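Open the structure in your viewer and keep the selection tool at hand. The stops below say what to select next and what is there.

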2 protein chains.
Amino acid sequence: MASREYGQFCGLARAMEMIGERWSVLIIRNLLIGAQRFTDLHRGLPAIPTNVLSARLKQLEEAGLATRRALPHPERAVVYELTDFGRDLEPALIALGRWGARTLAEPRPGEVVTAESIAMSFRTTFQPEAAVGVTAGYELRMGDFTFRLQITDGALAVGIGPHPSPDLVIERLTGFPIRELITGGKTPDEVLRDGSVRTEGDPALLGRFVEMFRF
Amino acid sequence: MASREYGQFCGLARAMEMIGERWSVLIIRNLLIGAQRFTDLHRGLPAIPTNVLSARLKQLEEAGLATRRALPHPERAVVYELTDFGRDLEPALIALGRWGARTLAEPRPGEVVTAESIAMSFRTTFQPEAAVGVTAGYELRMGDFTFRLQITDGALAVGIGPHPSPDLVIERLTGFPIRELITGGKTPDEVLRDGSVRTEGDPALLGRFVEMFRF
DNA sequence: CCGAATCCTGGTAGATACTG
DNA sequence: CAGTATCTACCAGGATTCGG
């Protein structure tokens, strides 16, 4: 038996052979946002050594989860992108992230919060059954980060950066109002009245937001 | 930052810190069947070094996923068992196993098929929406292994060993008829007529079986 | 500056032997 | 039965270097 295999004819064992090494699932999490350059990935995973990032990308490519592509001319850059096969891991990563999030209390000393980890938290808290038939675009402005959440016919797409045509913009002014909305710590009325958020657009969509994103 | 952490405030990163090391998820997969002794785990994971199994069990216990318990007197033995927290990983493991199973073609040279990996495959192929309201007990006899699948009000429980009061017994006689039923390679009528399976009990439950277990 | 490759160190896993 | 001990080999972490 080759040394990095599990010696079992089992789907779960095969999955762990492909993504079980250190950093792999976090790289995939970040690629779920979209194509990324080596440097983007390194920025989003500041603690990964560059040689390990390099090795993992090569492995993910060999396993058919990601592709490496050189952008056409003026943009001479290399981007990494998930294949359909790699993207099919999303439900499993959401389930894992939801399980792990139960242990999140406070950031540990030295821990960072990245845009990609916040984007993942929108995926893990999304409640498809509360979004059936919904189509709406949200822009969330949270200090340094802005996210676009597009729900199209009940399906969620998460992006980093402004939304081109949001139905509702939710802007954080103070504290952590969006986390409080999602955990149920505060109601939409409360965060509007205490001045921790400001909205632009259809105000009814804030109530819909807390129905669709719950933890 | 401690060396085995990811330095990110993220549920997925926390999950990988707890179960991301080699062998951990396969140990959890085997514990999903029920309490197991050290030797049971080693039998179900023949390729794991005993020192690594020992270390992983200690870690799982420290992380609150499993407990170590000495059985009362005459049975002087130690069993390991998942906590509720550990058992909550089941949906994530099912999603991962389902994803990985897409790459399963033939066993690689030297690979073994264990009872626990087959039990996992029943979990990954189970279709809850096809089992809504169903209550039925199956006993599956597949050569060396026998499994009990109890569906109670749409919820599946998988065990290794005979079913105390099966509504239908499905016995493999030749080939891989149960896999063929689940993948759609053969219909219930076909496997009955070609003599690859024999059943005892309510024959209608064989049709129900292929509706509830699909890949 | 981007995307690595190289080198070194220390820690983790694999293999096997051994013990209460 | 349920592990521990020991040794080796490999992998990850960290820093530096290098070609396009």
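Begin with Ser24(A), which is buried because its relative accessible area of 2% is under 20%. Keep in mind throughout that this is a predicted model.

Ser24(A) belongs to helix H2 of chain A, made of residues 24–31. Which residues does Ser24(A) touch, leaving aside its neighbours within four places in sequence? Select Ile19(A) and Arg56(A): with those neighbours left aside, these are the residues in contact with Ser24(A).

Now move to chain B and select helix H2 there, residues 24–31. How many of the residues of this helix are buried? Eight of its eight residues are, and the helix is mostly covered. Colour them one by one if you like: Ser24(B), Val25(B), Leu26(B) and Ile27(B) are among the buried residues of H2(B). The list also includes Ile28(B), Arg29(B), Asn30(B) and Leu31(B).

Return to chain A for a pair of helices. Select H6, residues 90–101, together with H7, residues 115–125. Their axes come within 9 Å and cross at roughly 95°. That angle makes H6(A) roughly perpendicular to H7(A). To see where they touch, show the side chains on each helix. On H6(A), the contact is made by Glu90(A), Leu93(A), Ile94(A), Gly97(A) and Arg98(A). On H7(A), Met120(A), Arg123(A) and Thr124(A) take part. Sorted by class, this contact has three nonpolar, two polar and three charged residues.

Next, show both chains at once. How are chain A and chain B related? A rotation of 180° with 0.0 Å of shift along its axis superposes chain A on chain B, with an RMSD of 0.0 Å. This is the relation of a two-fold axis. To find the axis from chain A, select Ala92(A): of the residues of chain A, its C-alpha comes closest to the rotation axis, at 2.7 Å. Then look at the interface. Of the interface residues of chain A, 100% are also interface residues in chain B, so the copies meet through the same surface.

The last stop is a pair of cysteines, one in each chain. Select Cys10(A), which counts as buried at 3% relative accessibility. Then select Cys10(B), also buried, with a relative accessible area of 2%. A disulfide is a covalent bond between the sulfur atoms of two cysteines. How many disulfides does a search of the whole structure find? Over all chains, the search finds zero.

Terms used. Residues are numbered from 1 along each chain as its sequence is written. Chains are lettered from A and ligands numbered from 1 in the order in which they are written. This is a predicted model: local features need pLDDT of at least 70, side-chain atom pairs count only at pLDDT 80 or more; totals for chains, interfaces and linings use all residues. Side-chain values use heavy atoms; hydrogens and water are left out. Axes are lines fitted to C-alpha atoms, for helices over the stretch in contact, and angles run from 0 to 180 degrees between N-to-C directions. Helices (H or I, at least four residues) and strands (E, at least two) are DSSP runs, numbered from the N terminus. Angles under 35 degrees count as roughly parallel, over 145 as roughly antiparallel, 65 to 115 as roughly perpendicular and the rest as oblique. Contact means heavy atoms within 4.5 Å. Ala, Val, Leu, Ile, Met, Phe, Trp, Tyr, Cys and Pro count as nonpolar, Asp, Glu, Lys and Arg as charged, and the others, Gly among them, as polar. Buried means under 20% relative accessible area, exposed over 50%, partly exposed in between (1.4 Å probe, protein chains only). Copies are superposed by least squares on the C-alpha atoms of residues with pLDDT of at least 70 in both. A disulfide is a pair of cysteine sulfur atoms within 2.5 Å.
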